[in-house]
Amino acid sequence: AVESMYQAREGRYRLFTLSQRFNQQAMPQVRIVDMKRELRAGNCTAISAELRRELACNLERGEQSILFLNRRGSSRMVSCGECGQVPECPRCSVRLTYHSANGRLMCHYCGYSEPLPPACPSCGGRLNFIGVGTQRVQEELEALFPGIEILRMDADTISAAHPHEELLSRFQKQRVPILVGTQMVAKGLDFDNVTLVGVVDADLSLYAADFRAGERTFSLITQVVGRAGRGEKRGRAVIQTYTPDNDVIRFAAGQDYDSFYEQEIQLRRLRDEPPFRDILVLTASGPDEAGVLRVCTRLRQFLERELPKLPDQSFRLLGPAPAVIARVNNRYRYRLTLVGQDSRPLRSLIAALLRAVRQDRESRGTSVFADLNPMD
C-alpha cells in the first residue's frame with residue numbers, strides 16, 4: 001500500500017525488499033496493446049490481434065494461458081439503439097448486466113434478474129450489447145479457437161458444489177489450454193506450464209471514484225502478470241488498454257513500483273489524501289430517501305457545531321451527497337465526507353454521534369456507519 005511505503009520511507013516501518021522472483025526466473029516480457037488502434041483496424045472484439053497471435057502460439061506449443069478481466073457476465077449493459085433506454089435494476093440505481101449463459105439481465109448488487117426481452121420494452125427497437133465480461137470473452141475465444149476447451153472462473157461458475165479448488169485442479173491436471181477469470185486468477189496461482197497472461201481491459205479499475213484506483217490497478221496488473229513464467233519457460237504478458245500512455249499502466253507493465261510510488265505520493269499530497277490527511281466517511285442508509293437526507297443534514301449540523309471544539313480544527317466537511325451507487329436493495333445511501341487528521345478526540349466525537357443517532361426516534365429506520373480511509 002502507498003500508505004505503508006510512506007511509513008517505511010519515513011522510518012516508522014522497516015522495509016524488506018524482494019529483488020528477485022522466488023525461483024530466480026526472469027519476469028515476463030510485457031507488451032502493451034492500444035485497443036483504439038484495434039478499433040480503427042476494424043477489430044471490435046475483446047481480443048486484440050497481438051493477444052490472438054500469442055494464444056495461438058501457446059496452443060501450438062502445448063502451453064497454458066490465463067486471461068484476466070475484472071467483470072463477470074457477458075455485456076456490461078444493454079441499450080436500445082432507437083430510444084437509448086437502458087434496463088435498470090428496480091431495487092438499485094445500477095444498470096443490469098447481461099449474462100448470456102442463462103439469457104438474463106442481472107443485478108450484481110441485490111441479485112435481481114429478469115429475462116432478456118426480444119426488443120426494447122419501450123419502443124420495440126433493437127437492443128445493443130455494450131461492454132464485455134468474462135462470459136463474452138469466453139464466447140469470443142471459443143469462436144476464435146474452435147474445439148479448444150476454455151475454463152471460466154468467476155462468481156457465476158464457483159459454488160459450494162463446484163469450489164474454486166476443483167476448477168483450478170482441473171486446469172492444472174488436465175492442462176486445459178486457457179483460463180479466463182476475474183480477480184480470482186490475479187494472485188496466488190502457481191502453474192509452471194502457464195507462459196502467457198492477458199489483461200483484457202486494464203482500464204476497468206483505473207478510473208473509479210476512489211483515491212486508491214491507481215494503486216488497485218497497479219497491484220492487479222503486476223500480480224496477474226506474475227502468474228506467467230513461474231516454471232522453466234520464459235513468460236509473456238499482453239496488457240490491453242485504451243490509454244497506453246497512462247503512467248500507472250506503463251509502470252505496472254515494467255513492474256516499476258518505485259516510479260509508481262513517487263508519482264502517486266505526489267498526487268496524494270496535492271489532493272490531501274492518505275497518508276497526509278485522513279478521510280472519514282459517514283454513510284446513512286434507509287428505505288425513505290427524504291428521511292436519510294434529513295438525518296445526513298442533521299449530522300452535518302452537529303459536526304459543524306462540534307468540530308471547532310477539537311484541538312485540530314483544520315477539517316474539511318463535504319456533503320451530504322448521494323453515494324456512488326445511491327440505492328442498493330431499496331435502501332437509499334447518502335454520505336458525509338470529513339477530511340482531516342485522525343485522532344482520539346475525533347473518534348470519540350464520531351462514536352458519540354453514532355450512539356445519538358441510534359437513540360434518536362426521528363432517525364428510526366435509518367442506519368449510520370463510519371468508515372475511516374475506506375477501501376471501497
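Visitor: Which strands does helix H9 lie across?
Guide: In this predicted model, helix H9 (residues 289-306) lies across strand E12 (278-286), E13, E14 and E15. Contact here means heavy atoms within 4.5 Å, and helices (H or I, at least four residues) and strands (E, at least two) are DSSP runs numbered from the N terminus.

Visitor: And how does H9 run relative to E14?
Guide: H9 runs at about 15° to E14. Angles go from 0 to 180 degrees between N-to-C directions, along axes fitted to C-alpha atoms, for helices over the stretch in contact.

Visitor: What about H10, which strands does that helix cover?
Guide: Helix H10 (residues 344-359) lies across E12, E14 and E15. H10 runs at about 165° to E15.

Visitor: In what order do the strands of that sheet come?
Guide: The order is E13-E14-E12-E15, in an open sheet of four strands with antiparallel pairing. Strands pair if DSSP finds at least two bridges between them.

Visitor: Which ones stand at the edges?
Guide: Strand E13 (316-328) and strand E15 (367-372) do. Each has a single partner strand, so one side of each lacks a neighbour in the sheet.

Visitor: By how much are neighbouring strands turned against each other?
Guide: The average is 20°, ignoring direction.

Visitor: How many bridges join E13 to E14?
Guide: Seven bridges join E13 to strand E14 (residues 331-340), and the two run antiparallel. As for a particular residue, Arg-316 has Val-339 in E14 as its bridge partner.

Visitor: New topic. How many cavities of 30 Å³ or more are there?
Guide: There are two. On a 1 Å grid over the protein atoms alone, a cavity is a set of points where a 1.4 Å probe fits but cannot get out, and lining residues have an atom within 4 Å of a point.

Visitor: Where is the largest one, and what is its volume?
Guide: The largest cavity holds about 70 Å³ of space. Its lining consists of Phe-68, Asn-70, Val-199, Asp-201, Ala-202, Leu-204, Ser-205, Thr-217, Leu-220 and Ile-221. H6 gives the most to this lining, with three residues.

Visitor: What lines the second largest cavity?
Guide: Asp-278, Ile-279, Leu-280, Phe-315, Leu-338, Val-339, Gly-340, Gln-341, Asp-342, Leu-346 and Leu-372 line the second largest cavity, which holds about 40 Å³.

Visitor: Which residues lie nearest the centre of the second largest pocket?
Guide: Thr-17, Leu-18, Ser-19, Gln-255 and Tyr-257 lie nearest the centre, out of 27 lining residues. A pocket is an open set of points with protein on both sides within 12 Å along at least five of seven lines.

Visitor: What is its volume, and which helix gives the most to the lining?
Guide: The second largest pocket has a volume of about 1000 Å³, the space filled by probe spheres set on grid points joined across faces, edges and corners. Helix H6 (213-225) gives the most to the lining, with five residues. H1, H6 and H8 each supply at least two.

Visitor: How do H1 and H8 cross?
Guide: The axes of helix H1 (residues 2-9) and helix H8 (residues 257-270) come within 11 Å and cross at roughly 95°. In H1, Val-2, Glu-3, Met-5, Tyr-6 and Arg-9 meet residues of H8, including Tyr-257, Phe-260, Tyr-261, Ile-265 and Arg-268. Tyr-257 is also one of the residues nearest the centre of the second largest pocket.

Visitor: What conventions apply to the numbering and the confidence limits?
Guide: Residues are numbered from 1 along each chain as its sequence is written, and side-chain values use heavy atoms, with hydrogens and water left out. Local features need pLDDT of at least 70 and side-chain atom pairs count only at pLDDT 80 or more, while totals for chains, interfaces and linings use all residues.
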